[in-house]
Every structure is written in C-alpha cells, then in structure tokens.
Amino acid sequence: MTYDHFFSAALASLHQERRYRVFADLERVAGHFPHAIWHSPHGRRPVVIWCSNDYLGMGQHPKVIGAMIETATRMGAGAGGTRNISGTNHPLVELESELADLHGKEAALVFTSGYVSNETGIATIAKLLPNCVILSDTRNHNSMIEGVRRAGVEKKIWRHNDVGHLEEMLTAEPQERPKLIVFEALYSMDGDVAPVNLICDVAERHGAMTYIDEVHSAGMYGPAGAGIAAREGALHRVDVVEGTLAKAFGCLGGYISGRGDVIDAVRSYAPGFIFTTALPPAVCAAATAAIRHLKASQWERDRHQDRAARVKSVLIAAGLPVMPSETHIVPVIIGDPKKCKEASDILLAEHGIYVQPINYPTVPRGTERLRITPTPYHDDALIDTLAKALVDVWVRLGLPLRNHALAAE
C-alpha cells in the first residue's frame with residue numbers, strides 16, 4: 001500500500017490556496033552584503049537581498065567571521081553531542097555569561113534555535129508551576145504558541161497589546177494561582193511594539209510571571225542592544241527574556257535568561273535542551289563576538305534606524321501602501337496571495353531584488369504583504385532602485401498606488 005496520494009493532495013491544497021513556499025537558491029557574499037548570487041533556473045544572477053533577518057549584517061562582520069574561523073581551527077567543527085554526554089564546550093559557557101550580562105540577569109541558557117528556546121522554555125516553565133495558567137498575546141509567534149500547547153496547562157488568549165483585556169483575564173484568576181504572561185517585545189510582521197511597562201504593571205498587581213520574546217529587538221534597541229524592555233527601562237521587571245542569535249547577532253541559536261533557579265530548572269527538566277546536540281564551539285564564539293561588538297558599538301543601530309526611516313519615506317512618497325511602523329520592519333501591503341507571489345517573482349526575475357512574499361498562515365488572510373527589512377548596508381541608490389521596481393510591479397499587477405510619479409519616469 002502506498003500513502004503518496006495523501007501527501008500529493010496536501011501539496012495540491014497548498015498550491016490551490018497560493019500558500020506553497022518556494023525557496024530562492026541564494027549565495028551570500030561576505031563583504032558585499034546585501035548583494036548576493038541567485039542560482040536561478042537560467043544560471044547565476046546578481047541580486048540584492050531586501051528581506052534578511054540578519055538585520056545589522058553581523059553575519060559578515062570581520063570580528064564574527066574571525067572568531068568562528070579561529071575557534072573552528074582550534075577546537076574543531078562539532079560540539080560532540082549533548083552537553084550532558086559530551087560536556088559543555090567553553091565558548092558556550094562564555095556565550096551564556098555574555099547573554100546574562102546583556103540582559104542584566106543571573107543566568108542564561110542557549111538552545112539550538114530561537115524556535116526551540118520558545119517552544120521548550122515556555123512549556124517547561126509552565127509545567128513546573130502547579131496549576132499554572134498561561135496568558136498569551138493573540139499575535140505571538142508560532143514558536144510561542146507551540147510552547148503554550150506543549151505545556152498542557154490552561155491558556156487564555158488576550159487581544160493584541162490590549163493591557164485592559166489582559167487585566168480582565170488576570171482579575172478572574174485567584175491571586176495565589178501561578179500565572180505566566182507570554183508576549184513579544186517587537187512583532188515581526190507588523191513592526192509594532194508591546195507596552196512592556198504597562199504589562200509589567202498588570203503582572204505585578206496580579207502576581208504573574210512575565211516572559212518576553214526579544215527575538216526581533218535584541219541587539220538593535222536599548223542600551224548596548226539589550227532590547228525593547230531595556231529601552232523602556234523595564235528589563236529588571238521582566239522575569240524571563242528570550243532571544244535569538246540568528247538575527248541581529250548574525251549567527252545561530254536561541255536562548256532564555258532570567259533568575260538563576262529558573263534557568264537551572266529549565267536546564268534540568270527541558271527535553272528540548274537535554275536531548276539535543278549543543279551548538280558547536282565556533283558558532284558560540286562567533287555569537288559572543290557579535291554580542292560584544294554590539295554592546296560597544298552604536299553605529300550599526302543608528303545607521304539601521306536611519307536606513308529604515310529613509311526606506312519608509314521613499315516608499316510612501318512613491319505612493320506605495322506602507323503599513324505604519326515605529327520600528328525597522330517595513331510591511332508593504334498587497335492583500336492577495338496570488339499577486340503577492342507574482343510581485344515577489346517579478347522583483348527577483350526582472351529587477352534583481354529578493355523580497356519573499358508573506359502569506360497566510362504567517363499573516364491573516366487579506367493582509368498578504370512584502371516584508372522589507374533594511375540594513376545598515378542598503379545605501380540611497382539601492383533604496384531608490386527598490387522604490388522604482390516596486391512601483392513598476394504595482395502598476396503591472398494593477399495594485400493601487402496613491403500617485404504614479406515614479407512610474408512616469
């Protein structure tokens with residue numbers, strides 16, 4: 001008996017709904033980011049990347065590359081297994097110390113990815129709190145949603161960034177019942193920011209524990225890049241800070257940081273930590289180098305914000321439907337999954353611009369978009385070229401523009 005038809009039907013459904021994902025075969029070139037080589041069906045072609053989560057270009061920074069090469073040469077490629085079996089490689093110890101210091105916490109614990117750190121961290125913390133109820137923002141990332149599900153405890157979903165609704169839910173719970181509030185500092189699809197201090201106010205009134213996801217803000221906001229909570233002066237009020245090493249820090253891995261006993265308990269009970277191979281020493285050393293550099297250097301953050309502001313200004317002036325955002329995320333709304341994919345394909349094939357389409361379930365149906373993420377290395381000429389290419393695509397696909405100034409040039 002063959003089961004292939006079930007898988008074929010599942011794939012056909014994705015194609016019909018315009019949700020089938022196609023990955024661009026890209027080759028980044030160190031020292032030339034955001035320029036890359038696209039291995040297209042017709043051969044190698046130069047492209048400019050406009051949707052990378054390597055927000056500050058740290059994946060190509062000489063200090064980061066140098067730390068990785070030196071450590072790999074000295075210690076080898078792999079970690080040798082789980083930390084329980086093979087011991088903890090010393091660069092990983094240094095990395096966790098650096099992360100704890102970054103967020104002003106007693107300890108930190110590194111996982112193989114930001115997804116795993118959320119999925120495992122939330123589930124383990126909630127399971128260790130007797131009769132815990134989790135209160136989760138409705139727009140939390142899939143990794144957080146999966147962590148809530150894996151916890152197997154009661155959950156309540158509060159309206160996005162609606163602190164009043166959160167308080168209503170907390171008020172209905174006994175004061176003595178353990179409560180865990182999980183939310184993101186910066187929501188990566190819309191670019192909006194959580195009211196961290198207001199959430200902490202409510203948490204403190206009702207005796208709740210707070211867990212913040214700083215994946216899209218650590219390294220980029222706050223003093224030394226400690227994140228949105230630090231920028232808002234609320235870092236000491238948040239119980240657990242979760243983040244990634246794969247975005248602003250340009251490497252790989254995820255982590256949580258908090259009080260010593262909390263982190264040690266997760267280390268001791270979390271299957272997603274205990275039974276998986278540790279990060280290799282070279283990756284840990286590279287991430288540590290990135291964190292240390294961004295603690296001391298403000299240039300990347302300032303330049304990043306300047307570039308994001310200019311992209312928004314130029315695209316809005318061109319009449320493109322840019323969703324308002326106070327952060328570095330620049331969503332350009334299309335609202336149709338087919339046209340969103342077509343826009344991405346035209347940009348890549350005809351303009352040498354790579355922007356991945358964002359469709360359901362990543363965003364709600366009807367809000368399909370191109371998610372543009374400027375970096376410090378997108379200069380004025382690249383921004384102007386992007387705007388002209390987008391206007392060309394909008395006109396060709398019959399998408400609404402507020403003006404056609406660039407299209408007439």
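## Close-up views of a predicted model

View 1. The model shown here and in every other view is a predicted one. H14 itself covers residues 337-351, 15 residues in total. From first C-alpha to last, H14 reaches 20 Å, close to the 21 Å expected at 1.5 Å a residue.

**View 2. The buried residues of H14 and what they pack against.** Cys340, Ala343, Ser344, Ile346, Leu347 and Leu348 are buried in H14. An α-helix has 3.6 residues a turn, so residues three or four places apart point the same way. Which elements do the buried residues of H14 pack against? Strands S2 (35-40) and S3 (43-49) are among them. So are strands S12 (353-354), S13 (357-358) and S14 (369-372). Helix H15 (380-396) is a further partner.

**View 3. Helix H13 crossing H15.** The axes of H13 (residues 299-317) and H15 come within 10 Å. They cross at roughly 35 degrees. The crossing of H13 past H15 is right-handed. On the H13 side, Arg307, Arg310, Val311, Val314 and Leu315 make the contact. On the H15 side, Asp380, Ile383, Asp384, Ala387 and Leu390 make it. Six residues of this contact are nonpolar, four are charged and none is polar.

**View 4. Histidine 165 in helix H7.** H7 spans residues 163-171 and holds histidine 165. Is histidine 165 buried or exposed? Its relative accessible area is 11%, so histidine 165 counts as buried. Leaving out residues up to four places away in sequence, histidine 165 touches Ile157, Trp158 and Arg159. A polar atom of the histidine 165 side chain lies 2.9 Å from the backbone nitrogen of arginine 159. Tyrosine 187 is 22 residues from histidine 165 in sequence. In space, their C-alpha atoms are 18 Å apart.

**View 5. Glutamate 98 in helix H4.** Glutamate 98 belongs to H4, residues 90-102. Its relative accessible area is 13%, so glutamate 98 is buried. Which residues does glutamate 98 touch, not counting residues up to four places away in sequence? They are Thr288, Ile291, Arg292 and Lys295.

**View 6. Glutamate 119 in helix H5.** H5 runs over residues 114-127 and includes glutamate 119. With a relative accessible area of 18%, glutamate 119 is buried, because the cut-off is under 20%. Glutamate 119 and glycine 147 are 28 residues apart along the chain. Their C-alpha atoms are separated by 3.7 Å. Beyond residues up to four places away in sequence, glutamate 119 touches Ser143, Glu146, Gly147 and Arg150.

View 7. Most residues other than glycine have a negative phi, and most peptide bonds are trans. The bond joining phenylalanine 33 and proline 34 is cis, with omega about 15 degrees. Proline 34 sits in the loop between strand S1 (26-28) and S2. The bond from tyrosine 360 to proline 361 is cis as well, with omega near 10 degrees. Proline 361 sits in the loop between S13 and S14.

**View 8. Arginine 18, a positive phi in a loop.** Arginine 18 is not a glycine, yet its phi is positive, about 60 degrees. It lies in the loop between helix H1 (4-16) and S1. How does arginine 18 count at 41% relative accessibility? Arginine 18 is partly exposed.

View 9. Arginine 177 lies in the loop between H7 and strand S7 (179-184). At 11% relative accessibility, arginine 177 counts as buried. Setting aside neighbours within four places in sequence, arginine 177 is in contact with Asn131, Cys132, Val133 and Glu154.

Conventions: Residues are numbered from 1 along each chain as its sequence is written. This is a predicted model: local features need pLDDT of at least 70, side-chain atom pairs count only at pLDDT 80 or more; totals for chains, interfaces and linings use all residues. Side-chain values use heavy atoms; hydrogens and water are left out. Helices (H or I, at least four residues) and strands (E, at least two) are DSSP runs, numbered from the N terminus. The expected span of a helix is 1.5 Å times one less than its number of residues. Buried means under 20% relative accessible area, exposed over 50%, partly exposed in between (1.4 Å probe, protein chains only). Contact means heavy atoms within 4.5 Å. Axes are lines fitted to C-alpha atoms, for helices over the stretch in contact, and angles run from 0 to 180 degrees between N-to-C directions. A crossing is left-handed if the near helix is turned anticlockwise from the far one by less than a right angle, and right-handed if clockwise. Ala, Val, Leu, Ile, Met, Phe, Trp, Tyr, Cys and Pro count as nonpolar, Asp, Glu, Lys and Arg as charged, and the others, Gly among them, as polar. A polar contact is a pair of N or O atoms within 3.5 Å; within protein, one must be able to donate a hydrogen and the other to accept it, and residues adjacent in sequence count only if both atoms are side-chain atoms.
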